[in-house]
Amino acid sequence: VSTAAETYEADVVIVGAGAAGTMAALTAVEQGLNVVVLEKTGKVGGTSVCSTGFAAVGSDLQKEAGNTRNIDETFTYLMNYCLWRADASVVYNVLQNSADTVNTIQGYWAQTDNPGVTKVSAPRWAHDTGKGTAKFDVLYDNFLEPAGVNVMLETTAHTLLMDGEAVTGVVATRQDGAEVTVNAQAVLVCTGGFGGNKEMLEEYFGHSHFYLNGLSSNVGDGLNMCLEAGAILSDEVEPHLAEFCSSEKLDFYAGYMKFINQAGFLALDPSGERFVNEEFFVTEALAKGASALRRAGYAYIIFTEQDLNNMVEKGLWGILSEETIASLNYRARIVVPSYYTLRDELDAALAAGEAWTADTLEGLGEAIGLDAATYNASIEDYLTVLGTGEDPLFGKRTDMMPSLSEGPYYAVRVVSAIDGTYNGIRVNKHMQAIGQDYQPISGLYVAGQDSGGFFSYPYYEGEGWTQGYAWTSGRIAGKAIAGQVK
């Protein structure tokens, strides 16, 4: 273990090399600033390498695709969607800067062998880039490092330096144990939230019954540093829910079991009661389906042996009609010819005590261990729904009511999958961290999922908003820092 100590001087030190940190670094370099980037892992990109794209409004690519959405209508949609719980000034400024962000980053990618954006959604906001680190590597290899940016990988920032109430730098520790101090006129924190920290999940959300589809290295370092420096949290620190389901013990994401909530099967909460219109897992996957599953804590998805056989052979085509699938606008990866590994996945769940089977529905409840009166009443009510085609309490559509008339039966326990957390430190529209007096903390900026104000709960129904916010908030922070330093 090294006992060495290193000190660096910079205009700005950026903690985190994901989308927000990378975009901020590019912007700062454009303004001629001396930049240091600290990244705790061994590669750049952060959670953004898991993303397939990002949202923006009015980019050149969207205009070329015939997308006529504008800032004002998008602002109204987002604010009305979240009942005005988001920070209007932050939301509007992000939307105003989103096109410039896309045009700028695509301009960099166009100078490399990476295509950057490969597809634009004409009716919506998404810009598809595909997953992976390559889209980040080319930015560091071709632009940031040649411009003199000092990128320190495997270096974990843990303390903000203070001069009175102003932030003046960062102290970090390299993987070899060496202490690194960076003195700077401004610090930008963008470490990606705390999805990998079970203790923080329990502290902020009351439990940690989630499957993390993002990076386990995102453990709240940046958020905690900012809190220690006097920053305050936004109103709604939340998990970033995914539309699919998973397990706490098994990796459903490696196969097809993550889609088991997409077919309309009966879902019961931990007490054995029905708790949601199951079609919402598809039709309004984030606003209603994923949110209901989070509230329940976990759920039991119930289906038959015939359902299992049909999915193994035909995927969702074995459960739902062609007309239903077309009407629901499923993602392409869900509607595939066969869920050929599903039986193996179910066997693994049975062995792990995360699934149960029985010849009768009554026996299934006993196998799970649910309260008999509650469970049997739920089953009786749902069989009436299937028999009549009418769902007076939840209003479920009849073409998403797979039969439960013949066993054997299965139940699989599923939990919410999350990509991480969003919202964190309260910021103003320039991404300056806000302190106890509701005034900006001098020298401290926060972007990406460490910062709060753009989102509320539930997550906006639509693709790419967390990544769009990450890239654009980094751009905004970079511009604001350049204005401060100069």
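Student: How do the residues lining the second largest pocket divide into nonpolar, polar and charged?

Tutor: This is a predicted model. In it, the lining of the second largest pocket has 5 nonpolar, 2 polar and 4 charged residues.

Student: And which residues line that pocket?

Tutor: The lining is made of Glu-273, Arg-274, Thr-374, Ala-377, Ser-378, Asp-381, Tyr-382, Val-385, Asp-391, Leu-393 and Phe-394.

Student: What volume does the second largest pocket have?

Tutor: About 210 Å³.

Student: OK, new topic. How many residues are in the largest nonpolar core?

Tutor: The largest nonpolar core has 102 residues. Phe-454 and Trp-465 have the most contacts inside it.

Student: Which helix gives the most to this core?

Tutor: Helix 15, residues 465-485, gives the most, with 10 residues.

Student: Which residues form the aromatic cluster with Trp-465?

Tutor: Trp-465 is in one aromatic cluster with Tyr-77, Tyr-81, Trp-125, Tyr-422, Phe-454, Phe-455, Tyr-459, Tyr-460 and Tyr-469.

Student: How many aromatic pairs does the structure hold?

Tutor: It holds 34 aromatic pairs. One of them is Tyr-422 with Phe-455, a tilted pair at 4.8 Å centre to centre, with 40° between the planes.

Student: Which parts does that pair tie together?

Tutor: Tyr-422 is in strand 15 (residues 409-422), while Phe-455 is in the loop between strand 19 (451-452) and helix 15, so the pair ties together parts 33 residues apart in sequence. Tyr-422 and Phe-455 are both buried.

Student: What about Tyr-422 and Tyr-459, how is that pair arranged?

Tutor: That aromatic pair is tilted too, at 6.0 Å centre to centre and 50° between the planes. Tyr-459 lies in the loop between strand 19 and helix 15 and Tyr-422 in strand 15, so this pair ties together parts that are 37 residues apart in sequence.

Student: Why does Tyr-459 count as buried?

Tutor: Because its relative accessibility is 6%, and buried means under 20%. Tyr-422 counts as buried at 0%.

Student: What kind of peptide bond joins Tyr-457 and Pro-458, cis or trans?

Tutor: It is cis, with omega about 5°. Pro-458 sits in the loop between strand 19 and helix 15. The bond from Gly-407 to Pro-408 is cis as well, with omega near 0°. Pro-408 is in the loop between helix 14 (372-388) and strand 15.

Student: What comes just after helix 7?

Tutor: Gly-230, which takes a positive phi of about 105°.

Student: How far apart are Ile-441 and Cys-226?

Tutor: They are 215 residues apart in sequence and 9.8 Å apart in space, C-alpha to C-alpha. Ile-441 is found in strand 18.

Student: Is Ile-441 buried or exposed?

Tutor: Buried, because its relative accessible area is 8%. Leaving aside neighbours within four places in sequence, Ile-441 is in contact with residues including Glu-165, Val-167, Ala-229 and Gly-230.

Student: Last one. Where is Asn-329, and what is its phi?

Tutor: Asn-329 is in the loop between helix 11 (322-328) and helix 12 (342-351). Its phi is near 55°, a positive value in a residue other than glycine. Asn-329 counts as exposed, at 67% relative accessibility. Met-431 also has a positive phi, about 70°, and is not a glycine, but Met-431 is buried, with a relative accessible area of 0%.

Definitions and conventions. Residues numbered from 1 in each chain as written. Predicted model: local features only at pLDDT ≥ 70, side-chain atom pairs only at ≥ 80, totals over all residues. Heavy atoms only, no water. Core = buried A, V, L, I, M, F, W, Y, C linked by side-chain atoms within 4.5 Å. Buried < 20%, exposed > 50% of the residue type's maximum accessible area, 1.4 Å probe, protein only. Helix = DSSP H or I, 4+ residues; strand = E, 2+ residues; numbered from the N terminus. 1 Å grid on protein atoms, 1.4 Å probe; cavity = no way out; pocket = protein on both sides within 12 Å on 5 of 7 lines; lining within 4 Å. Points joined across faces, edges and corners; volume = space filled by probe spheres on them. Nonpolar A, V, L, I, M, F, W, Y, C, P; charged D, E, K, R; others polar. Contact = heavy atoms within 4.5 Å. Phe/Tyr/Trp six-rings, centres within 6.5 Å; stacked < 30°, edge-to-face > 60°.
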